[in-house]
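Subject: Handover of a structure and summary of findings

Dear colleague,

Please find the structure below, followed by an account of what was found in it. I would be grateful if you would read the two side by side.

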Amino acid sequence: MWQTVVLLCVSATLVQCQFPRECVTAEGLRSGQCCPSPPGSTSDPCGVSQGRGACVSIVADRRPHGPQYPHDGRDDRERWPIRFFNRTCQCAGNFYGHHCGRCRHGFSGPNCDQRVTVVRRNVMQMSASEKQTFVNALDMAKRTVHPDLVICTRRYQDIYGPDGNTPQFENITIYNYFVWTHFYSVKKTFMGAGQPSFGGVDFSHEGPGFVTWHRYHLLQLERDMQDMLQDSTFALPYWNFAIGGSECDICTDDLMGARSSFMTNGISPNSVFSQWRVICESVEDYDTMGTICNNTETSPIQRNPAGNVARPLVQRLPEPQDVVDCLELNTFDTPPYYSTSSQSFRNTIEGYSAPQGGYDPVVRSLHNLAHLFLNGTGGQTHLSPNDPIFVLLHTFTDAIFDEWLRRHSAGQVVYPEENAPIGHNRQFNMVPFWPPVTNAEMFVPAPDNLGYTYEVQWPTRPYTLSEIITIGIVVAVLVVAVVAVVIASVVRARSYNSEGLEPLLGEQFRRYSEDERRVDKIQSVV
């Protein structure tokens with residue numbers, strides 16, 4: 001059945017972007033307005049007559065960003081998405097979507113007032129049939145064209161095509177869209193023909209937005225796959241990569257693909273993922289010609305876990321203790337809110353700092369270490385989502401982030417409002433998501449706000465030597481106290497039993513007999 005869906009979608013006119021299909025005609029782009037009607041409605045922008053939403057001006061972050069990006073007006077992603085649109089739907093209540101025709105994450109029903117929560121589980125603890133269902137769903141997403149969105153293949157100044165009236169957009173599959181959005185967020189800034197592109201920009205890494213951007217990235221894929229499967233209970237599982245050692249436990253043919261017997265960097269032909277091909281690989285063309293990655297698939301996925309002999313430090317996975325240490329960091333992020341930040345939870349979970357929080361340019365830990373351990377497609381930032389392990393790696397990263405929010409009761413006030421790298425300020429609309437969503441909107445506990453929770457057994461911190469000695473002393477004192485109480489109880493019991501065999505009054509005391517009591521009574525009467 002899904003093959004039919006693909007064929008129908010491929011035959012559609014290529015007139016979309018990472019924006020909705022209804023909005024990216026030449027006329028729609030020139031108007032700067034994207035406020036379509038909900039499905040089943042006409043001439044009802046954003047479902048305003050139904051109380052679903054209204055068409056409003058987009059608010060783009062104007063606060064100062066960090067010094068990493070020194071340019072202004074050279075990149076379409078600055079003040080996203082104003083270069084393309086300046087008006088969009090603002091949905092009311094729990095309504096959501098580019099036309100306010102859907103429910104926001106965590107709600108369902110005609111009026112979006114019914115709470116729903118999915119559970120993200122450890123993929124290694126799923127049954128064989130559950131694993132197969134997940135693998136099949138990923139493969140289906142790789143081959144099913146996205147029903148609502150497509151991608152732009154040119155920068156905005158070339159978006160109308162050679163004739164000035166043919167928007168340059170292209171269809172893309174659901175999973176490849178997931179890959180493309182990641183690429184678009186990390187690509188270099190094109191500075192013009194014959195000039196080197198500027199690479200010191202990243203809208204989804206090396207800043208506080210790392211955790212919020214990837215959180216929404218996963219949410220979008222999860223929702224797209226739920227729609228594709230017509231199963232609102234579908235949830236992305238996670239890979240607990242903090243297990244130490246040099247073995248990739250999910251690299252098996254029943255999950256993400258075993259190592260190929262024929263190619264050191266290949267995936268076993270027994271895995272469906274050996275048939276996958278990557279997109280966004282032609283980086284030199286993008287940098288020199290100003291084009292943007294499209295849906296063209298090229299090379300197979302490469303993967304060689306623990307095989308980077310030139311970098312011994314990335315030949316082992318993170319340890320459970322690394323997660324313990326990371327979760328104990330009290331501060332979400334620290335100036336300069338970049339990959340050089342120290343004692344920053346965000347920089348530590350991202351993996352530019354040691355697990356205890358200290359910045360070290362040599363160290364790669366947690367998220368970064370897990371990527372580098374894969375040693376292949378998954379270890380290259382612009383290509384990494386092409387390897388589907390990316391999904392499982394990032395759900396666990398998100399689980400750690402959500403656990404940190406819970407333990408530290410962190411509100412949005414701890415997220416930097418300004419001076420973070422471009423794209424990472426609290427109120428910046430994350431690139432290139434549509435409808436616009438800010439970093440702040442994802443900086444919330446997931447179970448109460450985003451409709452999902454994690455089933456995780458978190459590691460605990462082992463005791464230090466001084467703590468062990470202290471505990472030993474306390475236990476010894478308690479044992480001595482208990483023994484003393486037991487001995488005292490035994491002695492008392494024996495004493496009590498011995499006294500019970502003796503007369504209440506000794507022989508020297510006079511005893512009352514019945515006769516004596518009777519005489520006494522008579523005498524008393526007298």
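Is C280 buried or exposed? C280 is buried, because its relative accessible area is 1%; here buried means under 20% relative accessible area, exposed means over 50%, and partly exposed lies in between, with a 1.4 Å probe and protein chains only.

Before the remaining findings, a note on the basis of the work. This is a predicted model, in which local features need pLDDT of at least 70 and side-chain atom pairs count only at pLDDT 80 or more, while totals for chains, interfaces and linings use all residues. Residues are numbered from 1 along each chain as its sequence is written, and side-chain values use heavy atoms, with hydrogens and water left out.

Disulfides

The structure holds 7 disulfides, a disulfide being a pair of cysteine sulfur atoms within 2.5 Å. Among them is the link between C280 and C293, whose sulfur atoms are 1.9 Å apart. C280 lies in the loop between helix 5 (209-229) and helix 6 (283-289), and C293 in the loop between helix 6 and helix 7 (320-327), so this pair ties together parts that are 13 residues apart in sequence. Helices (H or I, at least four residues) and strands (E, at least two) are DSSP runs, numbered from the N terminus. The link of C280 and C293 is left-handed, with -70° about the S-S bond. C293 is buried, with a relative accessible area of 0%.

Another disulfide joins C23 to C34, with an S to S distance of 2.0 Å. C23 lies in the loop between helix 1 (2-10) and helix 2 (26-31), while C34 belongs to strand 1 (residues 33-34), so the pair ties together parts that are 11 residues apart in sequence. The torsion about the S-S bond of C23 and C34 is about 75°, so this disulfide is right-handed. Both C23 and C34 are buried.

C35 and C55 are also joined by a disulfide, with an S to S distance of 2.0 Å. C35 lies in the loop between strand 1 and strand 2 (53-57), and C55 in strand 2, so the parts tied together are 20 residues apart in sequence. The link of C35 and C55 is right-handed, with 70° about the S-S bond. C35 is buried, at a relative accessible area of 11%, whereas C55 is partly exposed, at 21%.

Helix 5

The 21 residues of helix 5 should span 30 Å at 1.5 Å a residue, and its end C-alpha atoms are 30 Å apart, which agrees; the expected span is 1.5 Å times one less than the number of residues. Helix 5 is mostly covered, with 19 of its 21 residues buried. Just after helix 5, Q230 takes a positive phi of about 55°.

The cavity

A cavity is a set of points, on a 1 Å grid over the protein atoms alone, where a 1.4 Å probe fits but cannot get out; lining residues have an atom within 4 Å of a point. The count comes to 1 cavity of 30 Å³ or more. The largest cavity has a volume of about 50 Å³, a volume being the space filled by probe spheres set on the points. Its lining consists of F210, V211, H214, R215, H394, T397, D398 and F401. Helix 5 and helix 10 (389-408) each supply at least two residues of that lining.

Yours sincerely

Notes
On a 1 Å grid over the protein atoms alone, a cavity is a set of points where a 1.4 Å probe fits but cannot get out, and a pocket is an open set with protein on both sides within 12 Å along at least five of seven lines; lining residues have an atom within 4 Å of a point.
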